[in-house]
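Hi there,

Here is the structure I promised to pass on. Please have a look, and then read on for what turned up in it.

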Amino acid sequence: MVQSLDRSQGRAGSVTAGSANTHGTFTGNRALQIEEPLIFEMGQAGRCGVDLPEPPKVKDRLNGLRRKGEIGLPGLSEPQVVQHYTRLSQKNYAIDMGVYPLGSCTMKHNPRINEKVARLAGIGDLHPLQPVSTVQGALELIDSLAHWLKTLTGMPAVAMSPAAGAHGEMCGMMAIAAALEAKGERAQRRTVLAPESAHGTNPATAAALGFVVKPIPANDRGRVDLAALKAALGPDVAAIMLTNPNTCGLFESEIVEISKAVHEAGAYFYCDGANFNAIVGRVRPGDLGVDCMHINLHKTFSTPHGGGGPGAGPVVLSAALAPYAPYPWIVKNGDTWHLAEDGAKVDGLPLGRLKAFHGQMGMFTRALAYIMSHGADGLKQVAEDAVLNANYVMAALKDVMSPAFEGPCMHEALFDDSFLKDTGVSTLDFAKAMIDEGYHPMTMYFPLVVHGAMLIEPTESVAKEDLDQFIGALSSLTAKAKTGTAAEDFKAAPLYAPRRRLDETLAARKPVLRWKPSNNPPGTDPLKQAAE
C-alpha cells in the first residue's frame, strides 16, 4: 500500500500502487509536482544515512532515566532525506519566486550582497564570548549602524539589543515606564492609548507591562480620530502607541498635532516602526515629536524575514528617554571600543539588559550593507518606489475592487470585501483562488477596522510588468466572482496546489500536532478521526 493524499477531497487515504487515482498517473505525481508523503511514512526500521561507531562504555550518569524504547525517528538514507526536503521546498512560495503581496509585513527582496557580507571571515565566524579586544571591528560596525539609524530617524539615541519588533516595543515601553517612575508618576499614569488599527503586539506589550489599554477609534478617513484622542488624554495616560504610516496604509496627516496634544498631557509618544519603509529617507520620526520607535531591520532594511530565525528590532529614543536605554552601550575611549555595562539607571535601579550580549550580528551586518549600498538618495528612492507601487495597484484596481478609503495610499493598498457582495464569494474564497493563480494571498481580514480587509503591500522590489500580471490576475478573479455563478468554484479553490483546502475551523479547534501510525481505510478523514 502507498500512502497518499486525495487532492480532490483534501484528506488522507491509501491507494494500491498502480491503481486508478485522482491524479490520473501511476505515481500520483503531476509532472514536476511530486506527490510527497510525510517523512515518518517514508521511514523504514533499521535504515540510516550514516554509520556511527559503537560508543565507548562509560559510567551511566542518567540516574535511571535512560531511554528504554525506540526514539521514534524515521529511518532513511541520505538521498531520501535530501530529496524529501528539496521536494517540500519546491511546494513553498517565497519572495525569490514572485510577488509576495502581504500587507503590513514588507516582504521585500533581500539583496545577495547582504548575505555575502554577513558571511565574510571575521564577521560570520564571530563568537559572542570573545574578548572585547578581539571584536573591535564588530563593535565599530554596530556603532556605524546605530549612527545611521539615529540619522534616518532624527533621534539622539538607539538601543541595539532588542531581538525583534515586539521585543523593541517592550524596550520602548519599559523606557517610558522607567521615565515615569523617575518622575514619580508610574502609579498614576497607567493608561496606554492604542488606535483600533494598531498591530496586535501594541496592546499586548502595554498589557504585559501592567498598563491598561484604551482603544482610540479611527475617523472616516482611516486616520486616528483626533477629537476622540484628545478626549481620552488625561493625567492617567502614560503613552500613545501609534503606527505611522498606519496599518490602513495611510499617513497620519495630523501627527504633529497628535504629538503636541500627547506631550501637553504629560504622556509619551511611542511610534510603531513597522512601516518605516514607506518614509525612510523622506521623513524623520523625531521631527514629528516621536519619543521612541522600534525599527524592524527585516522590513525596512531588508534582512531575512520570518521563519522564527534571528531578528533585530533596534529602538530609537528621544532625549527625554535616552537615559533609560538598556545596557550595554557601545562607547569609544580614544581608539578603543568598549561595552559599557553600568548602563541606564533610574534612582539607582538599572533598567538592565533585555537579552544576552548585544543583539544579532548577522542582522546588523545585513542592514548596514543595505544602507551603505543604497546611500541617502537610494533610501529615499526606496520609500518613493514603495509608495508608487502601492498607488499603482490602487489606481489599477479601484474601479474593479473596492478601496477601503478614498484618496491615495502610502506603501500598501487596502480594499474591503464590498465588491464581493451578493456573489457568494468570501474574502477567504478569493484568497484561496489566488493560490491557483500562483500568488501568495495578500493579508486577509486585517486591519480589523475594515470588513473583509485585503491589504496589499507590493514594496519597492516588484517590477512594473510583474505588478501588471498581478493586477490582471486579481481583475480576472473579480470578474469571475461578479458573474454570480462561480461561487462553488471559488469555494473549491485551490485546485492546483499540492494540497486542497482544509476544514480550517476544525483544524484550529482540534489541531493534529503529532503524527501517529494509522491504517486509515480509504475515505476516512484524519482530522475528524483525531477529533473523535
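Let me start with a question: is His 199 buried or exposed? With a relative accessible area of 11%, His 199 is buried. Please keep in mind that this is a predicted model.

His 199 sits in the loop that runs between β4 (191-195) and α6 (201-208). Its side chain has a polar contact of 2.6 Å with the side chain of Ser 104, and another, of 3.2 Å, with the side chain of Asp 272. Beyond its neighbours within four places in sequence, His 199 also touches other residues, including Thr 243, Thr 247, Ala 274 and Phe 446.

Next, the salt bridges. The whole structure has 16 of them. One of these joins the side chains of Arg 499 and Glu 35, at 3.3 Å from N to O. Arg 499 is in the loop between α13 (487-492) and α14, while Glu 35 is in the loop between β2 (11-15) and α1 (39-42), so this pair ties together parts that are 464 residues apart in sequence. Arg 499 is partly exposed at 33% relative accessibility, whereas Glu 35 is buried at 11%.

A salt bridge also forms between Lys 108 and Glu 460, with the closest N and O atoms 2.8 Å apart. Here the partners are 352 residues apart: Lys 108 is in the loop between α2 (78-89) and α3 (112-118), and Glu 460 is in the loop between β17 (454-456) and α12 (464-482). Both Lys 108 and Glu 460 are buried.

Then there is Lys 230 with Glu 257, where the closest N and O atoms are 2.8 Å apart. Lys 230 is partly exposed at 40% relative accessibility, and so is Glu 257 at 37%.

On to the cysteines: the count of disulfides is 0. For Cys 105, the nearest cysteine sulfur belongs to Cys 248 and is 15 Å away. For Cys 171, the nearest is that of Cys 292, at 8.0 Å. Cys 171 is buried, at 1% relative accessibility.

Finally, the surface: Leu 38, Phe 40 and Trp 515 make a nonpolar patch of about 270 Å². Trp 515 lies in the loop between α14 (504-509) and α15 (526-531), and is partly exposed with a relative accessible area of 34%.

Best wishes

Note on methods. Residues are numbered from 1 along each chain as its sequence is written. This is a predicted model: local features need pLDDT of at least 70, side-chain atom pairs count only at pLDDT 80 or more; totals for chains, interfaces and linings use all residues. Side-chain values use heavy atoms; hydrogens and water are left out. Helices (H or I, at least four residues) and strands (E, at least two) are DSSP runs, numbered from the N terminus. Buried means under 20% relative accessible area, exposed over 50%, partly exposed in between (1.4 Å probe, protein chains only). A polar contact is a pair of N or O atoms within 3.5 Å; within protein, one must be able to donate a hydrogen and the other to accept it, and residues adjacent in sequence count only if both atoms are side-chain atoms. Contact means heavy atoms within 4.5 Å. A disulfide is a pair of cysteine sulfur atoms within 2.5 Å. Patches are made of residues with over 30% relative accessible area and no salt bridge: like charges are joined within 9 Å, nonpolar side chains (Val, Leu, Ile, Met, Phe, Trp, Tyr) within 5 Å. Accessible areas come from the Shrake-Rupley method with a 1.4 Å probe; for residues, only the protein chains shown count as cover. A salt bridge is a side-chain nitrogen of Lys or Arg within 4 Å of a carboxyl oxygen of Asp or Glu.
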